[in-house]
Amino acid sequence: MTTALVRMPGISLESFARAGGLHPDQVRRLVTLGLLDPVADARDDMRFPPSQLILLGRIERLHAGLALNYASLGLVIDLLDRIAELESALRTRSRPTGVSSWTRTD
């Protein structure tokens, strides 16, 4: 048996599942569906960046709030992210002189 001298970054599967309030098997299912993106360590164990906890919360809110199945959530998340990008681009786009915004900015 060998012991790693360097601690691997990220959160272990069990700790990640516990922090997200899910069973590790459910987290594995979300990984299989491509909703979560773990990093494999030297022993091929899944480890999760802390930012994945935010994504997990979003997944669970959409699942509960919209009664969507997990398989469809990938598409919904992609569409919501694209909408956010387009809205951001629209806000930062320069307007022609003399044209007022359709929303109040004050």
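This report describes the fold, the aromatic pair, the helix packing and selected residues of a predicted model.

## Basis of the description

The model is predicted, so local features need pLDDT of at least 70 and side-chain atom pairs count only at pLDDT 80 or more, whereas totals for chains, interfaces and linings use all residues. Residues are numbered from 1 along each chain as its sequence is written, and side-chain values use heavy atoms, with hydrogens and water left out.

## Overall architecture

The chain has four helices and three strands, and from the N terminus on these elements follow the order β-α-α-β-β-α-α. Helices (H or I, at least four residues) and strands (E, at least two) are DSSP runs, numbered from the N terminus.

Of the 106 residues in the chain, 19% are buried. Buried means under 20% relative accessible area, exposed over 50%, and partly exposed in between, with a 1.4 Å probe and protein chains only. Contact means heavy atoms within 4.5 Å. Among contacts in the chain between residues at least 6 apart in sequence, 43% join residues at least 24 apart.

## The aromatic pair

A search of the whole structure finds one aromatic pair. Phe16 and Phe48 form this pair, which is stacked, with 4.1 Å centre to centre and 10° between the planes. The pair links distant parts of the chain, with Phe16 in helix 1 (residues 13–20) and Phe48 in strand 3 (residues 46–48), 32 residues apart. Rings of Phe, Tyr and Trp (its six-membered ring) pair if their centres lie within 6.5 Å; planes under 30 degrees apart count as stacked, over 60 as edge-to-face and the rest as tilted.

Phe16 is buried, at a relative accessible area of 0%. Phe48 also counts as buried, at 0% relative accessibility.

## Helix 1 against helix 2

The axes of helix 1 and helix 2 (residues 24–32) come within 9 Å and cross at roughly 100°. Helix 1 is therefore roughly perpendicular to helix 2. Axes are lines fitted to C-alpha atoms, for helices over the stretch in contact, and angles run from 0 to 180 degrees between N-to-C directions. Angles under 35 degrees count as roughly parallel, over 145 as roughly antiparallel, 65 to 115 as roughly perpendicular and the rest as oblique.

On the side of helix 1, the contact is made by Leu13, Phe16 and Ala17, and on the side of helix 2 by Pro24, Val27 and Arg28. By class, the contact of helix 1 with helix 2 has five nonpolar, no polar and one charged residues. Ala, Val, Leu, Ile, Met, Phe, Trp, Tyr, Cys and Pro count as nonpolar, Asp, Glu, Lys and Arg as charged, and the others, Gly among them, as polar.

## The buried face of helix 2

The buried residues of helix 2 are Gln26, Val27 and Leu30. Seen down the axis of helix 2, these buried residues fall within an arc of 100°, so they line one face of the helix. The arc is that of the directions from the helix axis to the C-beta atoms.

What covers the buried residues of helix 2 includes helix 1, strand 3, helix 3 (51–66) and helix 4 (70–92). Just after helix 2, Gly34 takes a positive phi of about 85°.

Leu56 lies in helix 3 and counts as buried at 1% relative accessibility. Leaving aside neighbours within four places in sequence, Leu56 is in contact with Phe16, Gly20, Leu22, Leu30 and Leu36. The C-alpha atoms of Leu56 and Phe16 are separated by 9.6 Å, while the two residues are 40 residues apart along the chain. Gln52, found in helix 3, is buried with a relative accessible area of 10%. Not counting residues up to four places away in sequence, Gln52 touches Phe16, Leu36 and Asp37. Asp37 is found in the loop between helix 2 and strand 2 (39–40) and is exposed, with a relative accessible area of 56%.

Leu62 lies in helix 3 and counts as buried at 13% relative accessibility. Not counting residues up to four places away in sequence, Leu62 touches Ala67, Leu68, Leu73, Val76, Ile77 and Leu80. Ala67 is placed in the loop between helix 3 and helix 4 and is exposed, with a relative accessible area of 68%. Ala67 has a positive phi of about 55° although it is not a glycine.
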